[in-house]
Each structure stands twice: as C-alpha cells, then as structure tokens.
Amino acid sequence: MHSPQRKPPIRHAQRYCLGAFFLLFACVSVFHAQDTFKTETSSGVTNIRIAVADFKPSSSDTQTDGFKRTFDTTLYADLANAGIFDIVSKSLLPQSTPGTPAEINVQQWSVAPASAAMVVFGSFGIQGSKIVCNGFLFDAKNLQYPQVLAKQYNEDASEDSARQIAHRFADEIIFRLSGGSQGIAESKIYYVKITGADKEIWQMDYDGANQQPLTHLGTVSLSPRISPDSTRLAFSSLGKDGFQIRMYSLVLGRMVNFQGVGGTNLSPAWAPNGKEIAYSSSRSGDPEIWISDANGALARRITSFRGPDVSPVYNPRTGSQIAWISGRTGLPQLYIMDTDGSAIQRMTDGGYATSVSWSPNGQFLAFAWDRKYGPGAPGGQDIYVMEIATKRWIQLTHDGGRCDFPSWSPDGRHIVYANTADGKAGHMKIMTMLADGTQKRALTGPGADMPNWSWK
Amino acid sequence: MIAVQIKFPRALVLVATFVALGAVTGCHKKASGVNPSTLGPAPAAPATAPTATITADPLAIDLGQSVVLNWRSQNATSVTIDGIGDVNLNGTQTVSPSNSTNFHLTAKGDGGTAEANVRVTVRVPVAPTAPAPAVADMGSEAAFHQNVKDIFFDYDSYDLRPDAATSVAAAAAYLAAHPSIKVVIGGYCDDRGSAEYNLALGENRANAARTALVSAGVPASRLRVISYGKEKQFCTEEDESCWQQNRRAQFSLDR
C-alpha cells in the first residue's frame, strides 16, 4: 500500500544531492577566493636530509673549546636556516666525532635513526695563533666514493673568525647541494637603529650577529639601501632643509658626496648595474619618482601624477622595471612601470599597500599591506607576496602586530622584515622568515627597523 | 918726467864718468820731498755729526694701500728704522701699515746719532654694525601663532578642509601686515602607516598649505616647506584625537 507520509526515496536523494552540491560550491568558492600559489620553499621539492656533526677538536685548550662551540653552532644554524635542508637533529646523530675521512664510518650515518643523505664533519683547532679547520661533505649513499667536498680554512684565531669560517663552509655546501644557488651565510643586513630621539644606520650579519653602527649623524636617518657590489650605502637623512639622499662609503668608512637638491628626498633604490639610483623627490612640488646617477647628477623625472609617489625598487633581474607606491587614487597602492615611466600597471586593488621589495628572480613582489585600512577599522598590516604575472598573492604574517619593510634575501628563499607586536613604533624589531612564512624568528631586540638585505 | 902714457881705452873712461855721475845723481825718479809712509795719522779734526731725513709718500692712505718711505743720511755708519730694522744709509722701502704708524729712523755715525720721524695715517673703515635681530622685525612668537594657525587634515589626505579656508585668509592677512616675516611650514602625519609614505604625505600637506597661502597673496619666497612625516609626533596616545593632532601643517617663524 501507499503511505502518504513516506516520501519516495528519490526525493531524499535529491535533497542530499542538493545539499552536497551546495557544500561543494561553498568549498570551491572559498578556495577560489584564496587563489594561493607556492613559492620555492613550499613547492613540494623534498629537502635534502643532512647530518651535521660536531667537529673534532684538533687541539685541546679552553680557547679551542670556545671557538669550536661557536663554529659548530653557527654551521648548524646556517645549514638549518638555508631552507633546502631537512637537518638531522643532534639527538639522532651517531655518538662519534670523526675528524678525517679515514675516521668516519659512513654507513653509520645513512641508517636509522640518522638516515642522512649527506654528512658534514671535520676537525677544528688552533695552531700557533691561527684557526685550522678541515671540513668534509660526504654523500652517505655513495659508499664507494662518498667525498663531495673537502675544504681547509686558515684564519687568525678569534671568535668572529670562527663564525665567518662556518659561514663560508656553509655557503660552499649550499652552493654544491642546491645546484648552484649562492648561499646567504655571508650576506649582511643594513637597518635603522633607534638611538633615543635619533635614528642611525647600522649593519649586522644575516643571522643577527655583529650588530654595529655605520653612521653617526645625530639626526633621523631612514631607508638604508646597499649598492649591488656592497661598497656604498644610500639612505635618506633629515638635514636643516628637510630629508636629503646621503651616501656612505663602506670602503672608505665615511660619508661621500651625493648632490643635494631642495624638497623632500626619500627611499633611494639601486639599479642592479649599480650605476643609477631611483628615489622619491619633491623638488617639483609633488613627491615623484626620479632617477639619477650614483652621485645624484643627471636626474630625470619618471612619474607625473598628483599624489605622493615613494618607495621605488628596481626589478633586480632585468633592471628595466620599477615597482613603487603611489597615493594618486587615495590610499597608497602598489604599481609597476618601465624605467622610462611607461607601461604603468596597478597591482593592488585596495587597502593600504606600502614598502615593496622585488624578488631576485624577478617573479615576486613582497610588500606590507593592510587590506582593511580605514578610520575605525581594526586594520592589520602584514607582509604579503604577490606573483607579478598573475597578481595572485599570499599572506605571510598573521596576528603578530604591525609588520612593514620586507626585504628579499639574495637567494630568494628568505624575507627579513620589521615587526612591532604592540604597535608602538619604538618597539619595532627585525624578524626573518622563509619566503613561505615559516621559520619566523627575531634577529634583533626592540629598536630596529627598515631592514635591507645585501645583494650577495 | 914720467911720461906715463895713459893707455886706458877712451870708452872705459866714459863709462866710469857715467857711473860716477849716476852715483851722484841717481837713475831713478826724483824723490819728493816727503815719504808718505812715514807720516802719521792726520790730526783728528772734530767728526761731523750725522744727519738723516725720512719722508713718506703719501702721508695718508686707506687700509690696504701702500706707502713709499724715502730716507737720506749723511755722515752715518748705520741706519735703522723701527719696525723694519737695519737699512741702507740711503734708501727707499714700500710698506703697508695696518694702522697709523710713526716711522722712527735712527742714524748712528762717528759724530753721534741722528733721528728722523714721519707719521703715516691709515684710514681704517669702521665695521658695519650687525643688523638688528630678526625677532624684533618678525614680531613675537605668540602674536604669530595667534594669527597664523596650523591646518589639520583628514586621514591619508592632503586636501584642505572647508574650515581651513578661514584660517588661511587670516594667516595671509597677518603675513601681509608684517612683510618681514618668513614662514617655514612643517608637514606631519599620525603614527599609523609607513615611514616612507608618511614623509611623502607630509610633504604634500605642507605644500598644500603653502599653495593656499600663495593663492591668498603671500609671496612664495617667504614660505619654506619641510616634511617630517611621522618622525616627529605632537602626542603619542593611540586614539583619534591624538592622531588628528598629528595630521597637520604647522607654521613657524623661519629665522
């Protein structure tokens, strides 16, 4: 018989189908809105599993112990931070410290628990007044001919030498195992240090060590940008007539000449050939992007719209494009153009975008973006990376407080940026992370801002 | 009788005669009556006192010009001029004194000492007195700030609000009434947003204020612009009233 309450099974199925359809549709639209892409470190390439042994001491005294400890920790950190290794944790390493190829049992390292594909080991000691360090890189899977690298280092004995030797050896390993890309262990970061009421330009190693002052101008100095060959540092400094572009020579250890002009002159950026500098200048009454030679002569203007134009950066691979920030439509947005001022393209579609940095391979822009900016809005400024060809973007920082001034590393795998957890300008500190947003850590304490990574 | 025949040759006799004559008269010059080498020094007649004169041409100069000194001495063995030192017994010298000088010459000789003077006058220009401090000319700070009020802006904006028009007019009137006042206009931003962009925005704010004043008749040469972005803050609270205080173009006396 036919019960009127019971709905035919086909209707149930229809309802379920419809429900499933809506669910699927909702999921699809969520993914579409994200439109993410992968940067190199998260592209799914398996990282090389590398075991880094403590080096064997070849001399025994307290000085050797201290320097060797510095060397071991620096080498381990450099390889762990490289972004291309899966580093074996110290607790899984075999209990041996081989110092020479004769002393190592390679098989011990290739089996569990280490399961390493590559092994780094060697000896470290002080002879006379010099550090003598022998480093080896072995392929743990090739038992017949395992040696990949054998390096010897010989430097005056000091804490800093121990650190620099570790950086150089790490870069050699990275160069060999990453298929030719330059390691960053010897690169430097230039930044603004808040010294009371003033701001000076300082320098540090890429891992935050060796923080030291470069300028002593006793005023507000901002936007340090190192030249591609690391010989000169351009920055903007407050003089009695306003902000001017100034130049510091790292080779001579003093300020050198840069032609001054009237108006407010900001945010210098080097062309990759080191011969030109782009910067924002208001000499014509409105801040526009100008390009001059490295001494400030032969300046020409390349933007011409009413509204603040600031923070230019060259495409480091081609040198023929400039990205910059313009307030010509209201809140500042991200644009790119050719270096003659043509082919202007707007990249961001709203919010408050600022402080752009172009990746070394020319494909990505890193910038600071507050996508909900406005009076009364809970705005949060975070670091974003945008793929230029598609304008798709990913957000790298979340809920950590205001972030600004991202700068790409020379290997394109890391980004350094400034962050203040409580929003106060005086509490800015410099952080580093991989270009996919992982492995964030602080390089400085509070009072550091506007970092700029060297080109090599 | 002895008939000695003198057989001396006649030449021999002649020679002897000449020799005898020579011995008597001598073949030499006729000597003067006095051998000078036997004379003693001349009896010391009283030594003549030295004399000296010195002149200068011209006698009066402007600072930086030169004077030619000219001196003569007689019966002197050494001559000195104060300020120059030992000089020739007669001579000239060009000098450039930096202020009025009395050139005093001393001539020493065997007969005594002689002196001579000449006075050279140097006209030194009086340094002009420094102009009176600008404060007196520019009026007081208080009066300035009462009449020339700062202009405030909306967030991310460098356009003058409608209420700014009245303060611009009042400021322009005050500046017209005090033509010696020069103004420096500072552009400021609140501390949200990025340091570089805010410096450019501050520049635009200050320039907007400058343009407004110029349109109201103030000569552009009296107005100077500096942007401070968010580097200098008037207050530090994280609320809208403080942020509004910081979004401004500030007018100050440009000393």
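These legends go with a set of close-up views of a predicted model.

In this predicted model, local features need pLDDT of at least 70 and side-chain atom pairs count only at pLDDT 80 or more, while totals for chains, interfaces and linings use all residues. Residues are numbered from 1 along each chain as its sequence is written, and chains are lettered from A and ligands numbered from 1 in the order in which they are written.

**View 1. Helix H5 of chain B and what comes after it.** H5(B) runs over residues 195–215, 21 residues in total (helices are DSSP runs of H or I with at least four residues, strands are runs of E with at least two, and both are numbered from the N terminus). From first C-alpha to last, the helix reaches 30 Å, close to the 30 Å expected (1.5 Å times one less than the number of residues). Most of H5(B) is covered, with 18 of its 21 residues buried (buried is 20 or more other C-beta atoms within 10 Å of a residue's own, exposed is 12 or fewer, partly exposed is in between, and C-beta atoms are placed from the backbone). After the helix comes B:Gly217, with a positive phi near 110 degrees. As for confidence, chain B averages a pLDDT of 84, and 79% of the residues score at least 70 (pLDDT is the predictor's confidence in each residue, from 0 to 100).

**View 2. Two cis peptide bonds, at A:Pro113 and B:Pro58.** In chain A, the bond from A:Ala112 to A:Pro113 is cis, with omega near 0 degrees. A:Pro113 sits in the loop between helix H3 (106–110) and strand S4 (118–127). Over in chain B, B:Asp57 and B:Pro58 are joined by a cis bond with omega about -5 degrees. Look for B:Pro58 in the loop between strands S1 (51–57) and S2 (60–62).

**View 3. Positive phi at A:Ser230 and A:Ser267.** A:Ser230 has phi near 60 degrees and lies in the loop between strands S10 (221–226) and S11 (232–239) of chain A. A:Ser230 is partly exposed, with 16 other C-beta atoms within 10 Å. A:Ser267 has phi near 45 degrees, but this serine is found in strand S14 (residues 265–270) of chain A. A:Ser267 is buried, with 32 other C-beta atoms within 10 Å.

**View 4. Where domains 1 and 2 of chain A touch.** The domain assignment, automatic or from a database, gives domain 1 (48–177) and domain 2 (188–453). Their C-alpha centres lie 37 Å apart. Four residues from domain 1 and six from domain 2 make the contact (C-beta atoms, placed from the backbone, within 7 Å).

Key:
Two residues are in contact if their C-beta atoms, placed from the backbone, lie within 7 Å.
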